[in-house]
Amino acid sequence: MPRFVPRWRAAARGDAAAPARGPDRSPVSPRRAAFLLAIVSLLVYNANGRVIAAGDTLPARFIPFSILLDRTVAVDRLFRAEYEHLPPQQRARIWFLRPSHGHLYSAYPVALPVLVTPLYAPFVWAKGAWTDREIRSVAPEAEKLAASVIAALSVAVMYLLLAGMTEARIALALTVAFAFGTTTWTASSQALWQHGAGVLLILLTLAVLARRPRLLWLAGTFAGLAVAVRPNNLFFWLALLVVCGRTRPLRALPLALPGVVIGAAVAAYNLSVFGDLRGGYAGFAGSAGFLGANAWTGLAGELVSPSRGLFVYSPVLLAGLAGGWIAWRDGRLLRSPVLAIAALFVLSQLALVATWGMWWGGWSYGPRMLTEAAAALVLLSVPAAERLGSRGWARLGFAAALAVSVAVQAIGAFAYDTAGGWNQFPENVDLHPRRLWDWRDSQIRRTAGILLQGGSPADASAP
């Protein structure tokens with residue numbers, strides 16, 4: 001008797017036909033399992049009791065307060081006095097802000113802080129009046145909570161998506177890998193980086209495509225918002241259109257229109273505030289962050305360098321490479337929209353980051369720049385998990401890779417950014433990127449040593 005496959009599961013797999021829905025054989029429903037995974041993730045993400053932030057995330061930390069209290073996305077209230085007291089030649093130190101029309105704005109897209117503002121509204125409005133000191137005191141904890149909620153929601157959506165593609169035990173194992181074995185833990189859940197919301201919106205897009213294929217406008221809305229949050233996700237939007245429109249071009253229209261509308265709104269904001277379609281990113285022109293790296297050096301660095309390599313920090317993601325190859329060989333990659341989009345997106349991100357002048361992503365723990373690609377690799381791991389899951393050596397290898405990945409991320413969550421941090425000492429890694437290849441003094445080894453010696457994390461929450 002053939003195993004029952006729900007209609008939405010068949011859509012995710014790319015099966016030609018799907019039988020009518022029957023009884024759920026799993027002892028725990030997918031929704032209940034997703035809820036429990038989200039709760040566990042939320043607890044784990046907050047277990048370190050601190051914020052792992054950077055200057056890049058500071059505008060997102062304070063913009064919700066500016067919107068709710070001052071009805072603007074400018075952050076004058078908290079930064080203007082400090083900015084104006086600096087000599088002009090030193091204002092570049094506050095790289096995350098841009099002066100325009102007499103106000104200070106985030107140099108980064110404002111879509112993320114705008115989207116999370118409703119989470120802040122109840123307690124901000126309940127208190128009423130706020131002093132600058134009170135905002136500075138509360139904002140780090142609010143940022144951490146908002147970021148961890150976003151990451152926990154992405155874990156829930158990941159499980160629901162995987163549960164529609166494979167059996168429950170594989171979905172659970174891969175969701176654990178995503179939640180605790182990638183930078184979803186050490187970056188997305190710790191501060192309001194663009195990556196966390198970007199991953200959530202990408203997964204929501206694929207979940208709608210797999211479970212509710214008639215709601216293409218909703219999938220297109222999530223994909224458009226993913227681009228608004230993080231411009232690099234434009235390649236995800238393009239992959240979505242290419243895969244869904246390759247056989248029926250008109251099917252791409254409801255996917256594309258919401259993104260065009262959202263893109264027009266972002267362009268209008270950038271032009272009105274900065275006078276440039278690039279928005280605040282225009283201020284980074286000519287810096288080391290723009291294209292100009294040796295592509296092969298960047299590719300090797302982002303994959304296997306000891307202090308930023310994706311497969312060094314998350315070896316469990318090697319299953320994604322194997323899964324992509326298996327899916328390509330057996331034709332499943334072309335039959336499954338989810339896998340095809342994931343594969344195209346991974347390739348685009350690897351190419352983009354490899355050719356970026358600062359492919360290591362500045363001061364961070366591990367391969368932060370590939371956080372979205374890591375989520376796509378988890379999806380691509382499904383064919384490998386199904387094909388190799390019956391072999392003992394493969395299960396043992398996956399378990400070992402998962403254990404190493406979780407351990408490496410736990411080291412970062414509890415000890416990264418300690419006094420005398422690796423990124424800064426003995427030399428600034430942005431000025432001396434050769435340090436990224438030093439196995440004797442790798443970031444993981446140094447951070448693990450601090451944790452084992454009982455070092456206390458530095459205060460990363462103070463602006």
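Helices α11 and α12 are roughly antiparallel to each other, because an angle over 145 degrees counts as roughly antiparallel, one under 35 degrees as roughly parallel, one of 65 to 115 degrees as roughly perpendicular and the rest as oblique. The axes of α11 (residues 234-245) and α12 (residues 253-274) come within 10 Å and cross at roughly 160 degrees, where axes are lines fitted to C-alpha atoms, for helices over the stretch in contact, and angles run from 0 to 180 degrees between N-to-C directions. The crossing of this pair, α11 and α12, is left-handed, a term used if the near helix is turned anticlockwise from the far one by less than a right angle, with right-handed used if clockwise. Trp237, Leu240, Leu241 and Cys244 of α11 make the contact with Leu255, Ala256, Gly259 and Val260 of α12, contact meaning heavy atoms within 4.5 Å. Seven of these residues are nonpolar, one is polar and none is charged, with Ala, Val, Leu, Ile, Met, Phe, Trp, Tyr, Cys and Pro counted as nonpolar, Asp, Glu, Lys and Arg as charged, and the others, Gly among them, as polar.

The model is predicted, with local features requiring pLDDT of at least 70 and side-chain atom pairs counted only at pLDDT 80 or more, whereas totals for chains, interfaces and linings use all residues. Residues are numbered from 1 along each chain as its sequence is written, and side-chain values use heavy atoms, with hydrogens and water left out. The mean pLDDT of the chain, pLDDT being the predictor's confidence in each residue from 0 to 100, is 90, and 90% of the residues reach 70 or more. The pLDDT is below 50 over residues 1-13, a stretch with 42 contacts in the model beyond near neighbours in sequence. It is also below 50 over residues 458-463, for which 17 such contacts are found.

Helix α6 (residues 132-163) takes part in a crossing with α5 (residues 111-127), in which the axes come within 11 Å and cross at roughly 130 degrees. Helices α5 and α6 are therefore oblique to each other, and α5 passes α6 in a right-handed crossing. The contact involves Leu112, Val116, Leu119, Tyr120, Phe123 and Lys127 of α5, together with Glu134, Val138, Ala142, Glu143, Ala146 and Ile150 of α6; by class, nine of the residues are nonpolar, none is polar and three are charged.

Helix α6 is also crossed by α2 (residues 30-45), the two axes coming within 8 Å at an angle of roughly 150 degrees, and α2 and α6 are therefore roughly antiparallel to each other. The crossing of α2 and α6 is right-handed. Residues of α2 in the contact include Leu37, Leu42 and Tyr45, and those of α6 include Val149, Val155 and Tyr159. The residues of the contact of α2 with α6 comprise 15 nonpolar, two polar and two charged.

Strands β1 (residues 97-100) and β2 (residues 103-106) run antiparallel and are joined by four bridges, pairing being assigned if DSSP finds at least two bridges between two strands. Helices (H or I, at least four residues) and strands (E, at least two) are DSSP runs, numbered from the N terminus. Pro99 stands opposite Leu104 in β2, and His101, in the hairpin with two residues between the strands, takes a positive phi near 55 degrees.

Most residues other than glycine have a negative phi, and most peptide bonds are trans. Arg71, which is not a glycine, has a positive phi of about 55 degrees and is found in the loop between α3 (58-70) and α4 (76-85). The peptide bond from Phe425 to Pro426 is cis, with omega near 5 degrees, and Pro426 lies in the loop between α20 (392-415) and α21 (443-452).
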